[in-house]
Amino acid sequence: MNLVALQTEPTVDILETIRTLWQSSGIYNIYANFLGTGWQTLVMIIIACALLYLAIGKKFEPLLLVPIATGMLLSNIGGGQIFNSACFADGHVHWEAFNGIGMALEDGTIVKAGLFDYLYLGVKLGIYPCLIFMGVGAMTDFSPLIANPKSLFLGAAAQLGIFVTFILARIFGFTGNEAASIGIIGGADGPTAILVTSQLAPHLLAAIAVAAYSYMALVPIIQPPIMKALTTKKEREIVMEQLRPVSKRELVIFPIATAVAIIAILPDTAPLIGSLMFGNLLRVCGVTERLSKTVQNELCNIVTIFLGTTVGATAVGETFLSLQTVLIILMGLFAFCIGTAGGVLLGKLMCVLTGGKINPLIGSAGVSAVPMAARVSQVEGQKANPKNFLLMHAMGPNVAGVIGSAVAAGVLLAIYG
């Protein structure tokens with residue numbers, strides 16, 4: 001009898017172990033809950049793979065889309081517990097989930113913070129967007145804006161999409177906080193959209209972040225049809241005069257004076273504008289080269305990885321796949337299109353007022369997708385006239401758009417924050 005027991009007992013244990021492993025697998029969770037949340041999980045995995053294809057196969061903003069898509073993929077594979085939305089339920093950080101013991105839910109389930117939950121604190125606390133802005137400032141040359149201050153108006157005009165979409169979202173029944181977060185997508189500035197949404201409408205963060213970064217990646221596809229529809233071939237052929245040289249003194253004074261002026265008027269812009277101008281000061285002052293290179297490269301790259309993966313991780317099927325998300329993404333596209341149109345239309349007006357010295361195409365660069373939007377202006381200008389070199393002229397509105405989106409964010413935070 002003992003011999004028989006020894007021969008049969010391991011077989012039972014092995015079968016039970018296999019059954020336990022199977023039932024704890026992500027595949028089983030999708031299969032067993034297919035009519036509930038399983039199909040949503042499957043759809044999100046497909047979306048994540050599609051974004052990876054766009055990033056790797058088509059090279060659409062791979063530095064942004066690869067981390068976002070990877071985070072989305074990992075968080076939607078059932079059972080991994082790499083991200084737990086319960087840790088941030090109701091828009092608040094539930095710190096008890098981070099103490100190592102775990103947080104008890106109403107059904108008795110114990111939830112412990114996973115890897116992405118800890119990294120997501122940088123988003124939730126508004127740290128990553130500001131560090132990204134510091135890197136953007138260190139990588140950005142403000143001399144085109146200083147040499148042609150009129151381009152500041154083009155950057156301001158491109159923020160039209162933010163406020164038009166804000167009004168539209170209110171009409172559709174979104175709250176003021178939600179409408180402000182949706183409208184900010186029109187600035188085509190991912191870090192700004194994340195900062196505003198994390199403070200005003202954190203439950204919409206996944207949809208808004210994915211929309212903002214997706215449209216930033218699709219700038220070369222979305223903008224050209226709008227630019228061509230609103231301009232004539234003659235306008236697109238306009239060759240602009242070379243910009244004047246900018247002195248080092250101007251380059252150093254500009255970030256300091258801009259930060260003081262804007263923050264004095266809108267204190268809520270201090271985190272974004274302060275970080276942007278600090279990064280630029282490191283670039284131009286001439287005595288902090290090591291710090292400038294670190295901010296441009298190591299710091300910016302590390303934060304981009306953390307920001308992208310954790311934002312992607314929030315796109316969980318059961319909360320992401322909804323009519324509300326579809327509406328947000330569509331309104332985000334509308335905001336981006338209106339912003340592009342606003343910049344081009346003001347460019348046309350300035351073209352008339354200056355006697356044809358300004359090419360309206362540079363107005364489309366007023367959205368703050370740096371430097372992609374400026375490159376699109378350059379490409380479309382050269383298609384119309386191979387002698388056209390609009391890149392530096394377009395960089396003026398482009399960097400003005402970064403400042404403009406931060407100011408718009410400050411206005412919305414001052415009203416609803």
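These legends describe close-up views of a predicted model.

**View 1. The largest pocket and the residues around it.**
The largest pocket holds about 790 Å³ of space. Its lining comprises 28 residues. Glu61, Val136, Met139, Val370 and Pro371 lie nearest the pocket centre. Several elements give two or more residues to this lining: α4 (62–76), α6 (127–139), α12 (205–217), α17 (289–313), α20 (372–384) and α21 (391–416). Which of them gives the most? That is α17, with 5 residues. By class, the pocket lining has 19 nonpolar residues, 5 polar ones and 4 charged ones.

**View 2. The largest cavity and its lining.**
How many cavities of 30 Å³ or more are there? The count comes to 1. The largest cavity has a volume of about 40 Å³. Leu64, Ile68, Ile132, Tyr213, Thr304, Leu307 and Gly308 form its lining. At least two lining residues come from α4, and at least two from α17. The largest share belongs to α17, which supplies 3 residues. The cavity lining has 5 nonpolar and 2 polar residues, with no charged ones.

**View 3. Helix α10 and what covers it.**
Helix α10 spans residues 176–183. It is largely enclosed by the rest of the structure, because 7 of its 8 residues are buried. Those buried residues are Gly176, Glu178, Ala179, Ala180, Ser181, Ile182 and Gly183. Which elements cover them? The cover includes α9 (160–171), α11 (190–200), α12, α19 and α21. Two of these elements, α12 and α21, also give two or more residues to the lining of the largest pocket.

**View 4. Asn359 in its loop.**
Asn359 sits in the loop between α19 (323–353) and α20. Is Asn359 buried or exposed? Asn359 counts as buried because its relative accessible area is 0%, and buried means under 20%. A polar atom of the Asn359 side chain lies 3.0 Å from the backbone oxygen of Ile238. The side chain of Asn359 also reaches the backbone nitrogen of Leu361, at 3.0 Å. Setting aside neighbours within four places in sequence, Asn359 is in contact with Glu235, Arg236, Glu237, Ile238, Met240, Asn388 and Leu390.

**View 5. Asp107 in the loop between β1 and β2.**
The strands on either side of this loop are β1 (103–104) and β2 (110–111). Asp107 counts as exposed because its relative accessibility is 62%, and exposed means over 50%. Where does Val43 lie relative to Asp107? The two residues are 64 residues apart along the chain. Their C-alpha atoms are separated by 27 Å.

**View 6. Cysteines Cys130 and Cys351.**
How many disulfides does a search of the whole structure find? The search finds 0. Cys130 is in no disulfide, and its nearest cysteine sulfur, that of Cys300, is 13 Å away. Cys130 counts as buried, at 11% relative accessibility. Cys351 counts as buried too, at 7% relative accessibility.

Methods:
Residues numbered from 1 in each chain as written. Predicted model: local features only at pLDDT ≥ 70, side-chain atom pairs only at ≥ 80, totals over all residues. Heavy atoms only, no water. 1 Å grid on protein atoms, 1.4 Å probe; cavity = no way out; pocket = protein on both sides within 12 Å on 5 of 7 lines; lining within 4 Å. Points joined across faces, edges and corners; volume = space filled by probe spheres on them. Helix = DSSP H or I, 4+ residues; strand = E, 2+ residues; numbered from the N terminus. Nonpolar A, V, L, I, M, F, W, Y, C, P; charged D, E, K, R; others polar. Buried < 20%, exposed > 50% of the residue type's maximum accessible area, 1.4 Å probe, protein only. Polar contact = N/O pair within 3.5 Å; in protein donor to acceptor, adjacent residues only side chain to side chain. Contact = heavy atoms within 4.5 Å. Disulfide = S-S within 2.5 Å.
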